[in-house]
Every structure is written in structure tokens, then in C-alpha cells.
Amino acid sequence: AWMTLETGVLWLSHLLSGHGLAYVVESDKDIVAYAEAFYDNEFPPLGKHLYVSQIIVNESCGDEVHHQLADAILQDARGVGRLTVSYPQYDTALATYYRKYFGANEIIRLKRHSLNAQTGQSFYKTRDHHDDDSHQIEGWEMSIGRWTSPRMLWETEWTEHWTAINEITARKKHRLHINAAGHEAIVCYHQQLYNARAADVYCWSPKKLSSQLIVAIRDWGHRAGYRTLILALPDDYAKLLPAETTAEPHYQVIAGVKV
């Protein structure tokens, strides 16, 4: 969101309106560190937690600033009992950073999977769903697309911030409520930047992922004109995908610590 001063102001205003947390460390009136975090409430094993989405610290700062920032975030995390972070499996430096300053250790892993959008033999209903109130997903699971945290992705993928920026709105985004054989879910398809026939899929639901919902998601994606759908899933849910699915080689790690 911090592409320009103007977009940064819009995003910071959104966070400070109760949709997230922003942390700033100052030294002699200069900003030396910044972080963002989001409160989440989802299925076990994570439950209620505070997710740290990004941390930026001036390279000239020493350990003291890192600890000040971490302590402020951990203080807020104590209100819900757990703090979480995420990082690519291969980023050992970031994993070490989160262990050092937060004590975070791996909880779950996910991979992105590519599968064909295609018609399926399934009964489901859809309707457009533009309500962006995050209370809708309170206590739900983000069964597809949970690359960071359900709340962060809701605020960045579901909520509209950049309707005046043509380069962003040129990428199609479909927001739906799907009922697949009694399995209700809120689903977002976001057209990829460099492949107009592919879409990233995000799904929030009060139930665990089912094969009926996957069939409905593939079918609707095909009807919308997509050839490929990208689904980020933990290994347990990846077993529900068809055999021809292609998985990326690297995992995304969700780590955390009880506080």
C-alpha cells in the first residue's frame, strides 16, 4: 500500500479506523521502525491471535529498536494469547529473526497449487457479495488462500481501497457467496497480474473445506473465463485436489508463540 504518500495515507487511515494495528518507533523525531498487525479469530490450532504482517527497521538501528518494536507487539498479543507470523520456508534469515525477537516456531505449512478451472457435476448457488464487514469471518476458517492471515487478506483482498487507480482495478476481482450442497463460503477470485486467464482464490468459511466446495469453485471459475486457479492450501486439504494438480516447490510457514 505504501506505493506513494497518498496510498499510504489511505491505508494507514484504514488501519487506524479499527481494521488493524500500526506501530511506529521514533528516535529524535525520526521514524526508525514501522510494523503492521491484525487480530484474527479462526479454527484451531491458531484460534485467537495477533498476526504481524510486516516489520521494517532502519538498517542503522541496533538490537534495542528491534526489541522495542517486538515488545510493543507482544504486549498487544497478550490480550488474545498468541502471536503469529509467516515466511517462506527457504527464508532462514526471516525465520531466525522471528524466533529471536518473538520466540515464534512453526505451526503449519501451506503450498500454492495450480489446477484447471472446469465444469463439474455439482449443485451450488452463488450471489455477488460486497459486504466488507470483517465481523462476518469472525471464528471462521480461511480454508483456501491463507498465505498470511484471514484478517489481513480480508482487509487487502476483499475491502476496496484503490478504486481510483486504473492499473489496480484493471485486474478483475469477483466477490461471491457460494452455497455448495449446504456448504456456505465467501469466495474471492482475483485475476493475476501477468496472466489474465488465471486467478488467485481466497475462501473463508464456517466449515472445513469439502470436495463439493472445490468443485463449485472450479466450475464458477470456468464459467467466468479462467483456465487456471491458484489455491494455497495446507497438505491435509491438498489431498482433496485432483491428481493433475501442480504444486509449487516451496512452502509458506505460519509460525507462532503463546504469550
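Student: OK, so helices (H or I, at least four residues) and strands (E, at least two) are DSSP runs, and they are numbered from the N terminus. Where is Thr148 found, then?

Tutor: In this model, which is a predicted one, Thr148 is found in the loop between strand S7 and helix H4.

Student: And is Thr148 buried or exposed?

Tutor: Thr148 has a relative accessibility of 13%, and since buried means under 20%, Thr148 counts as buried.

Student: Which residues does Thr148 touch?

Tutor: If you leave out residues up to four places away in sequence, Thr148 touches Tyr51, Ser86, Leu153 and Ile254. One of these, Leu153, is itself a buried residue of H4.

Student: How many residues of H4 are buried?

Tutor: H4 covers residues 150-158, and eight of its nine residues are buried, which makes it a mostly covered helix. The buried ones are Pro150, Arg151, Met152, Leu153, Trp154, Glu155, Glu157 and Trp158.

Student: Let's zoom out. How many helices and strands does the chain have?

Tutor: The protein chain has seven helices and 13 strands. Its C-alpha atoms fill a box of roughly 65 × 40 × 30 Å, taken along the principal axes.

Student: What radius of gyration does the chain have, and what would a compact globule have?

Tutor: For 259 residues, a compact globule would have a radius of gyration near 18 Å, and the protein chain has 19 Å, which agrees with that expectation.

Student: How much of the chain is buried, and what share of the contacts is between residues 24 or more positions apart?

Tutor: Buried residues make up 48% of the 259 residues. Among contacts with a separation of 6 or more, 69% are between residues 24 or more positions apart.

Student: Which strand pairs with S10 over two bridges?

Tutor: That is strand S7, residues 141-144, which pairs with S10 in the antiparallel sense. In this pair, Ile144 stands opposite Cys203 in S10.

Student: Do S10 and S11 run parallel or antiparallel?

Tutor: S10 and strand S11, residues 228-233, run parallel and are joined by three bridges. Here Ala198 stands opposite Thr228 in S11.

Student: New topic: the backbone. Where is there a cis peptide bond?

Tutor: A cis peptide bond joins Pro44 and Pro45, with omega at about 15 degrees. Pro45 is found in the loop between strand S2 (30-41) and strand S3 (48-57).

Student: Which residues have a positive phi without being a glycine?

Tutor: Asp28 has a positive phi of about 55 degrees, and the phi of Ala181 is a positive value near 55 degrees. Asp28 sits in the loop between strand S1 (21-27) and S2, whereas Ala181 is in the loop between strand S8 (173-180) and S9.

Student: Are those two buried or exposed?

Tutor: Asp28 is exposed, with a relative accessible area of 72%, and Ala181 counts as exposed at 57% relative accessibility. The cut-off for exposed is over 50%.

Student: Last one: where is Tyr237, and what does it touch?

Tutor: Tyr237 is in helix H7, residues 235-238, and is buried with a relative accessible area of 11%. Not counting residues up to four places away in sequence, Tyr237 touches Glu141, Ser143, Lys208 and Leu209. The C-alpha atom of Tyr237 is separated by 38 Å from that of Val9, which is 228 residues apart from Tyr237 along the chain.

Methods
Residues are numbered from 1 along each chain as its sequence is written. This is a predicted model: local features need pLDDT of at least 70, side-chain atom pairs count only at pLDDT 80 or more; totals for chains, interfaces and linings use all residues. Side-chain values use heavy atoms; hydrogens and water are left out. The radius of gyration is taken over C-alpha atoms; the globule rule is 2.2 Å times the number of residues to the power 0.38. Buried means under 20% relative accessible area, exposed over 50%, partly exposed in between (1.4 Å probe, protein chains only). Contact means heavy atoms within 4.5 Å. Two strands pair if DSSP finds at least two bridges between them.
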